[in-house]
Amino acid sequence: MLKPERTFMKRNTKVAVSGIAGVALLASLAACGSAGGQEDDTIEIWYRPGSLPSAAVDGVEAQFPDVKIKLVETPDVDTKLTSALRSGSGVPDVAVALLSQYTNVTDKFADVNEYGFEDAAGDYLDWKLEMGQDEDGRQIGVPIDIGPFGFFYRADVFEQAGLPTDPDDVGELVADWDGYRSVAEKVKASTGSYLCDAPSAAYVAQRLQAGYYYATDDGQYAPDEQINRDAFLSAFGLGEAGLCLNVELWTPEWSAGIAQNQLTGWVGPSYVAASMTSAGGDGAGQWRVTTPPGGPASQFGSFLSVFESSNDPQTAVDIARWLTNAENQAAGYADDSLFPSTPASYDMPEMTEPDEFYGGQVPAEVLGQVAEASPRLVIIPQSDKAAAAFGSVLDQTVASGGDAEEAYSSGLEQAEALG
């Protein structure tokens with residue numbers, strides 16, 4: 001499953017291997033020699049729990065019976081991978097890697113197209129595929145999942161508020177952020193419940209819709225762009241008007257909001273929806289999903305990478321390709337709430353079954369359209385920390401009743417210190 005925010009990377013559709021050498025650690029990695037692999041005849045795979053389709057993990061050894069495969073569940077995979085690359089020892093053959101952390105050492109990553117992956121490239125979303133390329137066009141990441149955004153809402157609450165309940169009709173009502181705010185005001189006045197969990201959620205959605213992740217198209221750090229300011233102040237306005245419950249994702253307070261009918265709508269990526277089903281309450285059968293306010297956006301999700309130090313990069317690439325094929329990604333949607341980066345999955349039975357939690361709706365019909373229309377992102381090493389700085393100051397200032405302009409200036413000051 002993806003992380004809560006919202007980490008992606010790319011430079012002009014590719015990894016931003018810019019001259020921004022702000023990460024000394026990566027500079028030291030760049031100076032290291034090529035890492036040694038694991039046992040000569042073994043393909044070792046590191047992956048975070050929940051980052052790969054469980055059916056694929058369970059079936060990979062049977063799919064490659066002549067290959068010794070060592071699967072290593074590694075919660076802190078990027079920490080360990082960084083250490084291995086630095087020391088030049090113990091580098092796996094394949095790993096789920098956060099590519100934005102390795103922009104200065106992409107030469108240690110294999111170009112999977114040299115091993116036939118290019119034949120399967122058309123199976124994946126273009127924008128996601130391009131985000132797995134370095135600035136030289138080398139394909140160093142094989143796409144796994146993504147997180148298309150939706151507007152999730154309770155049909156019974158909308159009916160109580162005198163609003164349409166059909167997803168197509170609601171999608172038209174919240175087609176832009178002004179419409180979303182108007183609907184949120186009406187639901188709050190009629191039912192006392194909220195359609196926004198936190199201002200930062202609306203901020204992230206607006207930023208991603210613009211294809212902005214604190215960098216220009218050529219990979220330069222740009223935390224003070226107009227789109228950032230506009231998204232920040234728009235989201236602040238929602239919170240300032242009392243339209244957000246002010247609860248953070250993945251917290252007991254967020255789940256309680258769902259279970260206690262306080263949070264009856266929210267905007268966010270598909271993988272968060274799994275938290276609704278586990279939260280309890282009486283919303284089962286009443287939830288629906290429609291297109292998000294302001295247009296399509298997606299979290300960029302994870303990639304599988306193969307390393308130059310592998311003793312058998314061809315087999316490693318073959319395995320990475322199989323783990324992420326359309327069939328396995330469709331199974332990952334059904335079993336693990338991983339939304340596929342392979343559009344062919346969207347028509348498979350695992351994704352076209354009506355979902356009773358959504359009153360018989362097929363959520364993937366909406367989310368698949370969002371996934372295919374989402375913009376690309378340019379991600380650089382500062383992106384994630386800048387996102388955390390702005391998001392944190394936004395939510396904290398709204399909660400404390402502070403000033404919007406001062407909050408933006410505070411977030412910008414923190415973000416600029418990263419550059």
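A crossing of two helices is left-handed if the near helix is turned anticlockwise from the far one by less than a right angle, and right-handed if clockwise. By that rule, α8 passes α9 in a right-handed crossing.

Before going on, know that this is a predicted model, where local features need pLDDT of at least 70 and side-chain atom pairs count only at pLDDT 80 or more, while totals for chains, interfaces and linings use all residues. Residues are numbered from 1 along each chain as its sequence is written, and side-chain values use heavy atoms, with hydrogens and water left out.

**Two helix pairs**

Helices (H or I, at least four residues) and strands (E, at least two) are DSSP runs, numbered from the N terminus. Axes are lines fitted to C-alpha atoms, for helices over the stretch in contact, and angles run from 0 to 180 degrees between N-to-C directions.

| Helix pair | Angle | Axes |
|---|---|---|
| α2 (54–63) and α12 (313–323) | roughly 135° | within 10 Å |
| α8 (199–209) and α9 (226–240) | about 150° | 8 Å apart |

Angles under 35 degrees count as roughly parallel, over 145 as roughly antiparallel, 65 to 115 as roughly perpendicular and the rest as oblique. So α8 and α9 are roughly antiparallel, and α2 and α12 are oblique to each other.

Who touches whom? Contact means heavy atoms within 4.5 Å. On the α8 side you'll find Pro 199, Ala 202, Tyr 203, Gln 206 and Arg 207, and their partners in α9 include Ile 227, Phe 232 and Leu 238. That contact splits into 8 nonpolar, 4 polar and 1 charged residues. (Ala, Val, Leu, Ile, Met, Phe, Trp, Tyr, Cys and Pro count as nonpolar, Asp, Glu, Lys and Arg as charged, and the others, Gly among them, as polar.)

α2 also makes a right-handed crossing, this time with α12. Here Ala 56, Val 57, Gly 59, Val 60 and Gln 63 of α2 meet Ile 319, Trp 322 and Leu 323 of α12. This set holds 6 nonpolar residues, 2 polar and no charged.

**The sheet**

Two strands pair if DSSP finds at least two bridges between them. There's an open sheet of 5 strands with mixed pairing, in the order β2-β1-β3-β9-β4. Its edge strands, β2 (68–73) and β4 (142–143), each pair on one side only. β4 runs antiparallel to β9 (residues 303–306), with 2 bridges, and Pro 143 has Phe 303 as its bridge partner in β9.

α12 turns up again here: this helix packs on the sheet, touching β1, β2, β3, β4 and β9, and its direction makes about 170° with that of β9.
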